[in-house]
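The exercises below are meant to be worked through with the sequence and the coordinates at hand. Please try each task before reading its solution.

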Amino acid sequence: MPTIDPRRLLVLRAFVLSDSVTATAAVLHLTPSAVSQQLAALEREVGHALVVRTGRKLALTPAGRILARHADEINSQLKIAEADLAAHAGGVLGQLRIGAFPTAISWLVAPAIVELRHQAPGVDVTVVDAEAHMSHRMLMRGDIDVTVSLEYESDPERDSPDIVKFPLYIERFKAVLPHAHPLAGEEGIGLTQLTEEGWIMPSPGNPCRTMVLQACAELGFHPPITHVSDDYRAALALVAAEAGICLVPESALSARDADWVTILPTRGIAPLRKVIMTTRRDNQGHPVVRAGLEAMRAVVAEPDSEVYGPLARSDTFSVE
């Protein structure tokens with residue numbers, strides 16, 4: 001029977017999640033040569049080829065896929081063991097790595113850090129700016145512990161059994177127009193009233209762009225896109241310059257924005273942004289992770305919150 005070094009199994013798992021030897025090396029803080037040597041040594045241990053070259057890329061063989069599944073299980077058990085030991089220690093102490101999109105960092109994660117400073121001063125928080133399509137991948141690789149992201153239909157990790165989700169709130173997008181726009185005096189606006197406008201959109205791959213395009217498709221049109229920016233402050237500046245119109249989630253707007261653009265509620269079919277927290281299922285019991293989830297939920301639940309007060313908060317949150 002072959003003796004398998006579990007450390008090499010974790011290298012194989014990192015390779016599966018990173019898609020290349022170079023990316024695996026960066027994640028594990030090794031050289032590409034060291035990663036290749038570890039994979040080759042694992043192949044010798046098990047007596048099977050685990051990776052095969054297909055064009056310029058390496059892919060798993062059937063034996064490699066079998067071993068990768070076991071590597072996932074071993075990694076999960078290690079995480080559970082770490083969580084049990086942390087709970088046994090009787091204190092909330094350690095590093096919490098949070099990946100979140102920019103608006104959530106400003107209005108949710110930053111206040112949660114203040115909350116944690118009082119409730120769990122032993123937690124050291126590291127924040128990474130990452131959109132949903134990036135943060136879930138980082139979560140699965142183990143680069144971060146918690147994400148604040150968007151739930152959307154085309155998310156590749158949407159139904160992963162390895163991820164557990166905690167809903168936070170739902171917000172509607174608002175229409176942002178120049179002050180001189182003929183519809184600026186309306187009390188609300190339907191998206192079909194904007195079919196002839198030049199639209200300012202997030203870049204392809206950004207979930208908010210996907211949500212806006214899906215809402216427009218439901219109404220039977222594709223908006224003409226004239227400018228692209230993932231920065232809502234930049235998008236509002238373009239609107240103020242009468243370069244187009246855009247749809248912006250409520251929490252990305254402030255009262256001051258009304259001084260230089262017109263902000264109108266959307267009527268009828270419009271995109272909804274569902275904001276969730278996620279963590280790996282095998283990591284949800286860790287005291288540091290639980291403290292972070294609870295702190296962010298406390299920010300959303302704050303009745304005097306200027307941003308989250310009017311939003312549709314979920315009542316199904318639980319970190320049990």
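**Exercise 1: Confidence**

The protein chain averages a pLDDT (the predictor's confidence in each residue, from 0 to 100) of 85, and 90% of the residues score at least 70. This is a predicted model, in which local features need pLDDT of at least 70 and side-chain atom pairs count only at pLDDT 80 or more, whereas totals for chains, interfaces and linings use all residues. Residues are numbered from 1 along each chain as its sequence is written, and side-chain values use heavy atoms, with hydrogens and water left out.

Task: determine which elements have the lowest and the highest mean pLDDT.

Solution: Helices (H or I, at least four residues) and strands (E, at least two) are taken as DSSP runs, numbered from the N terminus. Among these elements, the lowest mean pLDDT, 42, belongs to strand 13 (residues 312–313), and the highest, 98, to strand 8 (residues 199–201). Next, over residues 304–320 the pLDDT is below 50, yet this stretch has 39 contacts (heavy atoms within 4.5 Å) in the model beyond near neighbours in sequence.

**Exercise 2: Positive phi**

Task: describe the setting of histidine 29 and of glutamate 242, each with a positive phi although neither is a glycine.

Solution: Histidine 29 counts as exposed (over 50% relative accessible area; buried means under 20%, partly exposed in between, with a 1.4 Å probe and protein chains only) because its relative accessibility is 73%. Then turn to glutamate 242, with phi near 60 degrees, in the loop between helix 8 (232–240) and strand 10 (246–249); its relative accessible area is 56%, so glutamate 242 is exposed.

**Exercise 3: A loop residue**

Task: is leucine 50 buried or exposed, and which residues does it touch?

Solution: Leucine 50 sits in the loop between helix 3 and strand 1 (51–54), and with a relative accessible area of 2% it is buried. Leaving out residues up to four places away in sequence, leucine 50 touches Leu42, Glu43, Ala59, Leu60, Thr61, Ala63, Gly64 and Leu67. The C-alpha atoms of leucine 50 and alanine 63 are separated by 5.8 Å, although the two are 13 residues apart along the chain.

**Exercise 4: Nonpolar cores**

Task: identify which residues touch the most other members of the largest nonpolar core.

Solution: A nonpolar core is a set of buried Ala, Val, Leu, Ile, Met, Phe, Trp, Tyr and Cys residues joined through side-chain atoms within 4.5 Å. The largest has 60 residues, of which Val148, Trp199 and Met296 touch the most other members. A second, separate core of 16 residues includes Leu9, Leu12, Ala25 and Ala71.
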